[in-house]
Amino acid sequence: MQDNQIIELYNARDERAIAETAQKYGSYCQSIAQNILRNMQDSEECVNDTWLQTWNSIPPACPTVLKTYVGRITRNLSLNRYKANHRQKRGGGEVVLALEELGEVSAQENDVQSQMERLMFADALNHFLWSLPERECNIFIRRYYHLDEVDAIAKRYSLSRANVFKILSRTRQSLKAFLEKEGFAL
């Protein structure tokens, strides 16, 4: 079933929408959750929560790319679960490693930024990602959005582990320079 047909089911409040979404994007969402949580039970719960949150948000939301929409929901739910599970712990795991690597680029403060600043930052980040060669962009997204392990990325792109680290490091340096040029305080 096409995404627009599934979205029509959500808009009609037809419960088949959940089953169709789960059938089409279940393994994709499970992969995102598993990469973050590394726990099958927690991953399955986050994916199930994804379907509920999708049901509750469409309408009024009308996503143009359903895969990205449910993937983002799964990612956010998984990161929240990860934080809850590791509230007392510090260090270890791919999530912490990936976020520490990105910390080199942006020293984010914990206080809430204005919505406009977030939108401008997101727009600048998207512009930067579109400017990258496809492979470098995909590697960057696999690491920092999907939180894939470096070894999995190396295998996926037939690269050495060291080469993936080098690509990620150069891309972070380029991102930092780009953001500074765009006027973002880092």
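## Contacts along the chain

Among contacts in the protein chain between residues at least 6 apart in sequence, 63% join residues at least 24 apart; contact here means heavy atoms within 4.5 Å. The model is predicted: local features need pLDDT of at least 70, side-chain atom pairs count only at pLDDT 80 or more, and totals for chains, interfaces and linings use all residues. Residues are numbered from 1 along each chain as its sequence is written, and side-chain values use heavy atoms, with hydrogens and water left out.

## Overall architecture

The secondary structure of the protein chain consists of nine helices and zero strands. Read from the N terminus, the order of elements is α-α-α-α-α-α-α-α-α. These elements are DSSP runs numbered from the N terminus, with helices (H or I) of at least four residues and strands (E) of at least two.

The protein chain has 186 residues, of which 39% are buried. Buried denotes a relative accessible area under 20%, exposed one over 50%, and partly exposed the range in between, with a 1.4 Å probe and protein chains only.

Leaving aside neighbours within four places in sequence, Leu-66 is in contact with Asp-3, Ile-6, Ile-7, Thr-21, Tyr-25 and Ile-58.

## Packing of H7 and H9

Two packed helices are described by the angle between their axes and the distance between the axes. Helix H7 (residues 134-144) and helix H9 (residues 161-181) pack at an angle of about 95°, with their axes 10 Å apart. The axes are lines fitted to C-alpha atoms, for helices over the stretch in contact, and angles run from 0 to 180 degrees between N-to-C directions. H7 and H9 are therefore roughly perpendicular to each other, given that angles of 65 to 115 degrees carry that description, those under 35 count as roughly parallel, those over 145 as roughly antiparallel and the rest as oblique.

On the H7 side, Arg-135, Glu-136, Ile-139, Phe-140, Arg-143 and Tyr-144 meet Val-164, Ile-167, Leu-168, Thr-171, Arg-172 and Leu-175 of H9. By class, this contact has seven nonpolar, one polar and four charged residues. Ala, Val, Leu, Ile, Met, Phe, Trp, Tyr, Cys and Pro count as nonpolar, Asp, Glu, Lys and Arg as charged, and the others, Gly among them, as polar.

## Selected helix residues

Asn-35 lies in helix H2 (residues 16-37) and counts as buried, at 14% relative accessibility. Apart from its neighbours within four places in sequence, Asn-35 is in contact with His-146, Leu-147 and Asp-148. A polar atom of the Asn-35 side chain lies 3.4 Å from the backbone oxygen of His-146. A polar contact is a pair of N or O atoms within 3.5 Å; within protein, one must be able to donate a hydrogen and the other to accept it, and residues adjacent in sequence count only if both atoms are side-chain atoms.

Asn-138, in helix H7, is partly exposed, with a relative accessible area of 29%. Asn-138 and Tyr-157 are 19 residues apart in sequence, and their C-alpha atoms are 9.6 Å apart in space. Glu-44, in helix H3, is partly exposed at 40% relative accessibility. Glu-44 and Gly-26 are 18 residues apart in sequence and 9.6 Å apart in space, C-alpha to C-alpha.

## Backbone features in the loops

Most residues other than glycine have a negative phi, and most peptide bonds are trans. The peptide bond from Ile-58 to Pro-59 is cis, with omega near -20°, and the bond from Pro-59 to Pro-60 is cis, with omega near 15°.

Arg-38, in the loop between H2 and H3, has a positive phi of about 55° although it is not a glycine. The relative accessible area of Arg-38 is 38%, so this residue is partly exposed. Ser-158 also has a positive phi, near 55°, and is placed in the loop between helix H8 (150-156) and H9. At 66% relative accessibility, Ser-158 counts as exposed.
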